[in-house]
Amino acid sequence: MTLTDTKQLTDTLRQKPRIRILFVCLGNICRSPAAQGIMQSLVDARGLSGRFRLDSCGFYGGHAGDLPDRRMRIHAARRDYRLDHRSRQIRPWDFDDFDLIIGMDDSNIYDLLEAAPSPEAQKKVARMTDFCRAYTCHTAVPDPYYEGASGFELVLDLLEDACAGLLDALTD
Ligand code: 4NP
């Protein structure tokens with residue numbers, strides 16, 4: 001199973017008046033809520049909040065209802081991102097409710113392609129790092145859960161780069 005060409009996907013979505021994006025990781029307490037928060041900040045700063053619906057979720061439901069990991073919130077707050085998403089597990093109808101479903105690593109991408117109910121739904125799946133313009137040697141946003149501060153900082157660096165690239169791909 002391979003991903004649809006990312007440029008083809010964003011070129012098609014750019015025509016839509018409203019774009020619904022779901023960020024996906026494993027626990028939905030570190031990477032994907034940070035991606036959602038960073039993207040929301042960029043969208044708000046460009047006055048485009050009406051054009052985007054953003055959400056995030058995870059494959060593991062064990063943190064459902066929780067705020068993002070405290071370490072993630074602290075590192076994000078230092079960059080002026082307030083992360084207040086509540087963790088939730090992915091749902092079958094997410095593939096209908098969203099236009100673009102973005103995974104953080106190989107495992108997320110594999111699981112998304114497996115969970116997609118149709119070939120059309122599979123075409124909505126993209127890889128976060130494919131939108132990076134500075135950190136182009138990274139092919140995944142690595143799970144920081146068992147890492148130290150540098151792991152959380154790397155996640156934020158990658159996500160800031162990727163979200164800026166994503167927003168430009170959908171609006172320029
Ligand atoms: P995330 O990080 O997928 O970026 O939210 C993780 C958080 C929790 C767990 C795994 C990854 N966990 O197994 O509890």
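**Notebook: a ring, a ligand and a strand**

I began at Y145 and found that the charged end of R71 sits over its ring, 5.2 Å from the centre; I count a charge as over a ring if NZ of Lys or CZ of Arg is within 6 Å of the ring centre and within 35 degrees of the ring normal. I note that this is a predicted model, in which local features need pLDDT of at least 70 and side-chain atom pairs count only at pLDDT 80 or more, while totals for chains, interfaces and linings use all residues. Residues are numbered from 1 along each chain as its sequence is written, and side-chain values use heavy atoms, with hydrogens and water left out.

I then looked for aromatic pairs and found one in the structure. Y145 and Y146 form this pair, edge-to-face, with 5.0 Å from centre to centre and 90° between the planes. For the term I used ring centres within 6.5 Å, for Phe, Tyr and Trp (its six-membered ring), with planes under 30 degrees apart called stacked, over 60 edge-to-face and the rest tilted. I looked up accessibility for both: Y145 is partly exposed at 29% relative accessibility, whereas Y146, at 74%, is exposed. Here buried means under 20% relative accessible area, exposed over 50% and partly exposed in between, with a 1.4 Å probe and protein chains only.

Next I listed the residues around the ligand, among them C25, L26, N28, Y60, H63, D143 and Y145, taking a residue as near if one of its heavy atoms lies within 4 Å. Which side-chain atom did I find 2.8 Å from an oxygen atom of the ligand? It is a polar atom of H63. From the backbone, an N or O atom of L26 lies 2.9 Å from a ligand oxygen, and a polar backbone atom of N28 is 3.2 Å from an oxygen atom of the ligand. Taken alone the ligand exposes 350 Å², of which the protein buries 89%; these areas come from the Shrake-Rupley method with a 1.4 Å probe, and for residues only the protein chains shown count as cover.

I stayed with N28, which is found in the loop between β1 and α2 (31–45) and has a positive phi of about 55° although it is not a glycine. N28 is buried, with a relative accessible area of 1%. D80 also has a positive phi, near 75°, as a residue other than glycine, but D80 is exposed at 69% and lies in the loop between α3 (70–77) and α4 (94–97). Helices (H or I, at least four residues) and strands (E, at least two) are DSSP runs, numbered from the N terminus.

I turned to strand β3 (residues 100–103), where L100 and I102 point one way and I101 and G103 the other, all of them buried. In a regular strand the side chains alternate between the two faces of the sheet. Strand β1 (residues 19–25) pairs with β3 in the parallel sense over four bridges, and F23 stands opposite I102; strands pair if DSSP finds at least two bridges between them. β3 also runs parallel to strand β4 (residues 125–127), joined by three bridges, and there the bridge partner of I102 is A126.

Last I checked R127, which is placed in β4 and is buried at 15%. Its side chain makes a polar contact with the side chain of D106 at 2.9 Å, that is, a pair of N or O atoms within 3.5 Å; within protein, one must be able to donate a hydrogen and the other to accept it, and residues adjacent in sequence count only if both atoms are side-chain atoms. A polar atom of the R127 side chain also lies 2.7 Å from the backbone oxygen of T139.
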